[in-house]
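Colleague: I would like to learn how to read the main features of a fold from its coordinates. Could we go through one case step by step?

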Amino acid sequence: MALPATLEDFTAYVEKFTAKRGFDDIAATLGLEPHAVDGDSISMSMPLTAPLSQANGMFSAAALFGAADITGTFLAMQAYAGTGQFPLAVQSSLNFMSNSKASPAVATARILRGGGSVAVAEVVVRDANGKDLVHSSFTYVIKERALGK
């Protein structure tokens with residue numbers, strides 16, 4: 001499993017992937033940015049903006065789900081996907097624990113189990129104060145995929 005050793009390595013990986021993809025996707029819409037790495041997990045942060053909030057000003061469920069999925073996807077890509085491969089989510093289980101206006105939300109993903117063709121990730125999303133917002137798991141199938149439209 002080849003996770004990034006430093007935040008700089010993770011940031012460079014995300015930037016290279018973004019450039020190779022060639023268009024802005026949901027990660028750009030959500031404003032996700034590399035946040036931290038620790039050898040066993042990666043984290044991405046998402047700011048609370050008007051388009052990502054509910055009518056009451058808290059994070060929308062869709063935005064929290066997206067942050068969890070994309071962070072898990074980047075983890076599976078780095079841990080198990082070889083050149084030309086991309087993790088495709090085939091199952092998810094998500095529990096919304098609470099909500100908040102404390103920005104940013106930080107999604108932290110770690111691998112529960114993985115191999116050459118499947119990865120299972122656990123992703124927890126917390127607000128800026130460390131309050132748990134989401135607990136989730138995602139199963140990704142690692143397949144050959146072409147990037148771009």
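Modeller: Start with contacts: two residues are in contact when heavy atoms of theirs lie within 4.5 Å. This is a predicted model. Among its contacts between residues at least 6 apart in sequence, 66% join residues at least 24 apart.

Colleague: Which elements does the protein have, and in what order do they run from the N terminus?

Modeller: There are three helices and six strands. Starting at the N terminus, the order is α-α-β-β-α-β-β-β-β. The radius of gyration is 14 Å, close to the 15 Å from the globule rule for 149 residues, so the protein is as compact as a globular protein of that length. Its C-alpha atoms fill a box of roughly 40 × 30 × 30 Å along the principal axes.

Colleague: In what order do the strands lie in the sheet?

Modeller: Two strands count as paired when at least two bridges are found between them. Here the six strands make an open sheet, ordered S1-S2-S4-S5-S6-S3, with antiparallel pairing. Strand S1 (33–37) and strand S3 (85–96) each have a single partner strand, so one side of each is left without a neighbour in the sheet. On average, neighbouring strands are turned by 25° against each other, direction ignored.

Colleague: Over how many bridges do S3 and strand S6 pair?

Modeller: S3 and S6 (residues 132–144) are joined over 11 bridges, in the antiparallel sense. One of the residues involved is Pro87, whose bridge partner in S6 is Ile142.

Colleague: Which strands does helix H3 touch?

Modeller: Helix H3 (residues 61–80) packs on the sheet and touches S2, S3, strand S4 (105–114), strand S5 (118–126) and S6. The direction of H3 makes about 45° with that of S6. Helix H1 (residues 7–21) lies across S1, strand S2 (41–46) and S3, and runs at about 150° to S1.

Colleague: How should I read a pair of aromatic rings?

Modeller: Such a pair is described by the distance of the centres and the angle of the planes. This structure holds five aromatic pairs. For Tyr13 and Phe74, the ring centres are 6.5 Å apart and the planes stand at 80°, so the pair is edge-to-face. The two residues are 61 apart in the chain, Tyr13 in helix H1 and Phe74 in helix H3. Ring pairs also link Tyr13, Phe17, Phe74 and Phe86 into a cluster.

Colleague: Is Phe74 buried or exposed?

Modeller: Buried means under 20% relative accessible area. Phe74 has 5%, so it is buried. Tyr13, at 29%, is partly exposed. Across the 149 residues of the protein, 39% count as buried.

Technical notes:
Residues numbered from 1 in each chain as written. Predicted model: local features only at pLDDT ≥ 70, side-chain atom pairs only at ≥ 80, totals over all residues. Heavy atoms only, no water. Helix = DSSP H or I, 4+ residues; strand = E, 2+ residues; numbered from the N terminus. Axes fitted to C-alpha atoms, helices over the stretch in contact; angles between N-to-C directions. Phe/Tyr/Trp six-rings, centres within 6.5 Å; stacked < 30°, edge-to-face > 60°. Buried < 20%, exposed > 50% of the residue type's maximum accessible area, 1.4 Å probe, protein only. Rg over C-alpha atoms; globule rule 2.2 N^0.38 Å.
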